[in-house]
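Morning, everyone. Please have the sequence and the model open side by side. I'll take you through a few places in turn.

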Amino acid sequence: MQCALYDADRCRSCQWIERPISEQLAAKMADLQTLLADFAVGDWCAPVCGPEQGFRNKAKMVVSGSVEKPLFGMLHRDGTPEDLTDCPLYPDSFAPVFAVLKPFIARAGLTPYNVARKRGELKYLLLTESQLDGGMMLRFVLRSQDKLAQLRAALPWLQAQLPQLKVITANIQPVHMAIMEGEEEIFFTEQQALAETFNGVPLWIRPQSFFQTNPTVASALYATARDWVRALPVNHMWDLFCGVGGFGLHCATPEMMLTGIEIAPEAIACAKQSAAQLGLDKLQFQALDSTQFATAQGEVPQLVLVNPPRRGIGKALCDYLSEMAPEYIVYSSCNAQTMAKDFAHLTGYRVERVQLFDMFPHTAHYEVLTLLVRI
């Protein structure tokens with residue numbers, strides 16, 4: 001992939017961009033095999049990759065510059081702003097949206113937030129696109145509610161220019177820290193969730209709910225988990241750290257009892273909406289802490305699927321799963337280092353199958369799906 005921003009030394013986020021994808025995959029596989037060297041892996045599946053560029057469905061842009069000439073992108077460590085609207089990781093459909101948003105900021109009087117001076121209102125723009133129909137969700141992250149009336153008054157012009165904006169919100173983030181969003185979300189549109197579909201499974205994207213940023217590879221990840229689980233004699237499973245329910249909704253059948261647990265209420269609202277749409281009445285989704293939920297249960301499901309954040313599932317949950325001893329554990333990880341540490345605490349299991357998913361090309365990061373079977 002060619003990137004003018006990288007060539008000009010303006011952005012170094014894609015640190016592996018000069019390496020061919022085949023070489024990147026080989027390095028990631030080598031790293032994963034080193035991390036799992038202490039475990040006898042039954043089957044190393046071929047790694048899965050997707051497009052080299054234009055694959056992201058989401059842009060998280062720091063807004064800087066002036067109200068007349070805003071910049072969308074990032075701040076270097078010294079505070080210097082960098083406009084990243086030409087980043088080749090974004091699909092072509094993002095460019096016209098950025099182009100319209102720049103004059104809109106002046107029209108709405110949204111002064112970009114100045115970190116050094118602690119002044120201004122508009123901190124971030126968060127843009128998400130659905131692969132289903134090209135619909136988009138746009139979130140304005142503001143320091144306060146002071147400019148809400150101006151923003152609301154200017155929105156009809158923006159919506160006329162960009163009818164693909166299905167969900168528009170303002171998120172209030174008053175803290176002077178590098179925190180992407182606050183707790184308060186204010187909707188400007190009647191529609192409050194973006195419709196998406198992976199592998200024929202309806203999914204919903206709401207503000208403040210995590211959703212994978214590489215739809216092509218994420219679709220393959222969910223489909224693989226579905227194929228693995230449905231090949232097992234399983235009719236009762238837990239989906240811990242379930243997010244919007246991507247894994248559970250793919251794996252479930254009308255006969256399967258499934259409980260999905262996620263601490264974020266917005267994500268659980270999405271999962272419930274999808275389950276209702278599919279008519280799967282044996283699926284339950286609850287907004288709870290995954291570890292607290294699991295350790296409070298007396299029942300033992302046949303399979304536990306976990307998809308934790310980068311910190312992993314932790315020793316407490318590993319110890320409980322080892323004691324509870326479900327027949328199967330499917331572990332999806334975005335950080336193989338913490339996954340390997342968790343495996344060391346999961347006693348009584350063998351690593352049956354491992355597959356790498358290159359969710360983050362041009363970086364050292366990757367996703368892993370692993371099937372553990374009780375010995």
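Start with K118. Buried or exposed? Its relative accessibility is 51%, and exposed means over 50%, so K118 counts as exposed. Remember as we go that this is a predicted model.

Where is K118 in the chain? Look in the loop between α3 and β5. Leave aside residues up to four places away in sequence, and K118 touches Y113 and H176. Take H176. It sits 58 residues from K118 in sequence. In space, the two C-alphas are 7.2 Å apart.

Now Y113, the other contact of K118. The largest share comes from β2, with four residues. By class, the lining has 13 nonpolar, nine polar and three charged residues.

α3 runs over residues 94–108, which is 15 residues. From first C-alpha to last, α3 reaches 20 Å. The expected span is 21 Å, so the two values are close.

Which residues of α3 are buried? Here is the list: F94, V97, F98, V100, L101, F104, I105 and A108. An α-helix has 3.6 residues a turn, so residues three or four places apart point the same way. What covers these buried residues of α3? The cover includes β2, β3, β5, β6 and α4.

Last stop, a cavity. How many cavities of 30 Å³ or more turn up in the whole structure? The search finds one. The largest cavity has a volume of about 80 Å³. Its lining is F210, F211, Q212, Y222, C242, G243, V244, G245, G246, F247 and N307. Six of those lining residues are nonpolar and five are polar. None is charged.

That's my tour. Thanks.

Conventions
Residues are numbered from 1 along each chain as its sequence is written. This is a predicted model: local features need pLDDT of at least 70, side-chain atom pairs count only at pLDDT 80 or more; totals for chains, interfaces and linings use all residues. Side-chain values use heavy atoms; hydrogens and water are left out. Helices (H or I, at least four residues) and strands (E, at least two) are DSSP runs, numbered from the N terminus. Ala, Val, Leu, Ile, Met, Phe, Trp, Tyr, Cys and Pro count as nonpolar, Asp, Glu, Lys and Arg as charged, and the others, Gly among them, as polar. The expected span of a helix is 1.5 Å times one less than its number of residues. Buried means under 20% relative accessible area, exposed over 50%, partly exposed in between (1.4 Å probe, protein chains only). Contact means heavy atoms within 4.5 Å. On a 1 Å grid over the protein atoms alone, a cavity is a set of points where a 1.4 Å probe fits but cannot get out, and a pocket is an open set with protein on both sides within 12 Å along at least five of seven lines; lining residues have an atom within 4 Å of a point. Grid points are joined across faces, edges and corners, and a volume is the space filled by probe spheres set on the points.
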